[in-house]
Amino acid sequence: MFVQQWSEKLTSPVKQQYMMSPLWTGASERGLHWEEAVIDRLSIEEAVDRMDEATTAVLRAFYNCFGAGPVSEERLFSLRERFSGAEFRYGMIQLQNAGIIFALRQGWGERLYAMPSDCFMQWHPYLFPLAPLPAANKLSEIWEQRQEETALKPLGRQLLAVWAELARSGLGLTSKGILPKKTTSRLTLAVSITDEDLLQAGWQQEDTDPYNPAVNFVLKLTGQLGLLAVEDKQLKWQEDTLAAWFSEEELKREALLFHWCLDELLKKKPAMWHVMALLTRLEPGAWYSEAAIAAQLPLLDMKGMEWEESRSACLNLLRGLGWMEFARAGDQRMLRWTMMPSSLDYRQRPQARYEPIMIEPNGDLLVPPGCSYRVRWELELVADRKSDELLSVWQLTRSSIERAMTHGRSLASVINFLQSASGGVPIPPLLETSLADWGKQTAAVVKQPSDAYPELPLEPRPEESGFALRSSGRAFAGCELMNHEDFRIERFLPELERVPINWMRQLRSYHHSTRLEILERALSWQAPVQLRMNESIVAFVPARLERSGSNWTVTGLLREAETHREVCLSPEMWEGMKLVAPGVSGFV
């Protein structure tokens, strides 16, 4: 789920409490709310800098198994490596108290953890810092570029083509409550993404789904956008929502779709999330070597990742969705973004100015890349699309005018539309004569439309802004958000008040029997101890005690500087010790 959907589940006092976390000191001083802070790059960088080592380790471990859905506590704790259970628990509590990860429970099952999926990309560069890759077209040497294949339309344009085909074909459903096969065949031709690319990326196709994966994908996305509703056994357009979606600036629209696709497609595919996160660090429009990106993936130091397969699946998906294109430079494959994947990049951009279409005397309509989607929507009805490249071409024909009039347009409304879309430029006289002839011929045979092709005003209304795309949230079905007040480390340190304060206050030398008691308490808390050994102070995480008569030894993890190793110690091997309760008596 996205930040906005999590926000709806939280009360205002809880969100205010999140902002009191030390991790958000800078964001709070700048007056940011929780929803803004968790996706604000400066605030994220500050938060990561303020984290102690254990908290950072918890978040990195969470990223190791992140897949948009919740992660089990057992899985998360299995990745704690050199940290004690109490230290790891404290790190988790710090993250929960800042609203960075959330604790959930499914029925009476174990605790689960989740984070807003649109936060994943924003936090990734600060948790896994890597040197930026040089763009190939910024290097001093000259390289010959050969386009591998024609770039495909971005997903937003593919969806527009699908919806236009659906509106032209009709929204009636069969007795089984599904679209007719003839309609779904047309929808399949309208999209570039393939079934194979979607399934490889992780699209969940249920046995009962009546459509092929590509059509299933675009229809579910359409439903998630709120553009269609079922009424009286047929689909019905939600025209206000359709207009609001077309009113969004194109870069924002594609960025929202990018996040939705990650959330819905990748599911439990952590490796693909990390591949996507590395790709989003690349500068949009610049060419990069695929081999250089592949070399960076192992540097993330993630456990059990299938990088080669995941990289291939990501790139195939991005190409099919029209967001990435490829070229060859010698024996290297190069790639570049054709959109801006970060949801933050569009926020600082000025509002786009739409470009008018150009009308040729022969009926060709030249459509520049900056043309409004509202105009493109109407063009799909009144004209025939000849090409959909950077500069697209539609053509007015007798059959296209007949189609428009069949769906409720008049010749006068078509002419008004063309003049408005061209910025008020008069229609060429020869074309105007042809339109008049076609309109007369068509008027005699036109029938009342059974399904309306929505006619949208070309100028958006002031209230049409800020479209909020929502995820389906299927991965969270049956999960309950746990009470915020539960997040205190003391709950996980039983009988804390009965432990002698001196044990946790400073390093001291104790009798062997007291050393044993301290270690037993550390084991019950899954906490570390500090030991003074050979005039050095080290951290030790006990794992088990072994007794032999009056003698005993303890086995555990000894942490020294950047290394850790398993050792077996007897009580005479250290001079002083201190019990550490993370968050209560300090850290090691």
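# Notebook: loops, sheets and cores

**Entry 1, a loop residue.** I started with Ala286, which sits in the loop that connects helix 16 (270-279) with strand 7 (288-289). For the numbering of such elements I use DSSP runs counted from the N terminus, with helices being H or I of at least four residues and strands being E of at least two. Ala286 is buried, at a relative accessible area of 5%. Here buried means under 20% relative accessible area, exposed means over 50%, and partly exposed is in between, with a 1.4 Å probe and protein chains only. I also looked up how far Ala286 is from Glu535: their C-alpha atoms are separated by 55 Å, and the two residues are 249 residues apart along the chain.

**A note on the model.** This is a predicted model, in which local features need pLDDT of at least 70 and side-chain atom pairs count only at pLDDT 80 or more, while totals for chains, interfaces and linings use all residues. Residues are numbered from 1 along each chain as its sequence is written, and side-chain values use heavy atoms, with hydrogens and water left out.

How many disulfides does the structure hold? I found zero disulfides, taking a disulfide as a pair of cysteine sulfur atoms within 2.5 Å. For Cys65, the nearest cysteine sulfur is that of Cys479, 15 Å away. Looking from Cys479, the nearest cysteine sulfur is that of Cys65. Cys65 is buried, with a relative accessible area of 7%.

Next I turned to helix 5 (residues 41-50), where Ser43, Ile44, Ala47 and Val48 are buried. Seen down the helix axis, the buried residues fall within an arc of 135°, so they line one face of helix 5. I took that arc from the directions that run from the helix axis to the C-beta atoms. What covers these residues? The cover includes helix 3 (25-29), helix 4 (34-37), helix 6 (53-64) and helix 9 (120-127). Contact, here and below, means heavy atoms within 4.5 Å.

I then asked which residues have the most contacts inside the largest nonpolar core. They are Ile100, Trp123, Trp163 and Phe217, in a core of 187 residues. A nonpolar core is a set of buried Ala, Val, Leu, Ile, Met, Phe, Trp, Tyr and Cys residues joined through side-chain atoms within 4.5 Å. Helix 10 (residues 155-169) gives the most to this core, with nine residues. A second, separate core has five residues, among them Ala136, Trp287, Ala327 and Ala329. As background, nonpolar side chains in soluble globular proteins tend to be buried together.

I followed up on Ile100: leaving out residues up to four places away in sequence, Ile100 touches Leu23, Trp24, Met51, Leu59, Leu95, Ala114, Met115, Pro116 and Trp123. Gln94 counts as buried, at 18% relative accessibility.

Four strands form an open antiparallel sheet in the order 10-11-13-12. Two strands pair if DSSP finds at least two bridges between them. Strand 10 (358-359) and strand 12 (384-387) are the edge strands, each pairing on one side only.

- Strand 10 and strand 11 (residues 364-367) pair over two bridges, and Ile359 has Leu365 as its bridge partner.
- Strand 11 and strand 13 (residues 392-395) pair over four bridges, with Leu365 opposite Trp394.
- Strand 12 and strand 13 pair over three bridges, with Ser387 opposite Val393; the two strands form a hairpin with four residues between them.

Seven bridges join strand 17 (residues 551-560) to strand 18, and Leu557 has Glu566 as its partner in strand 18.
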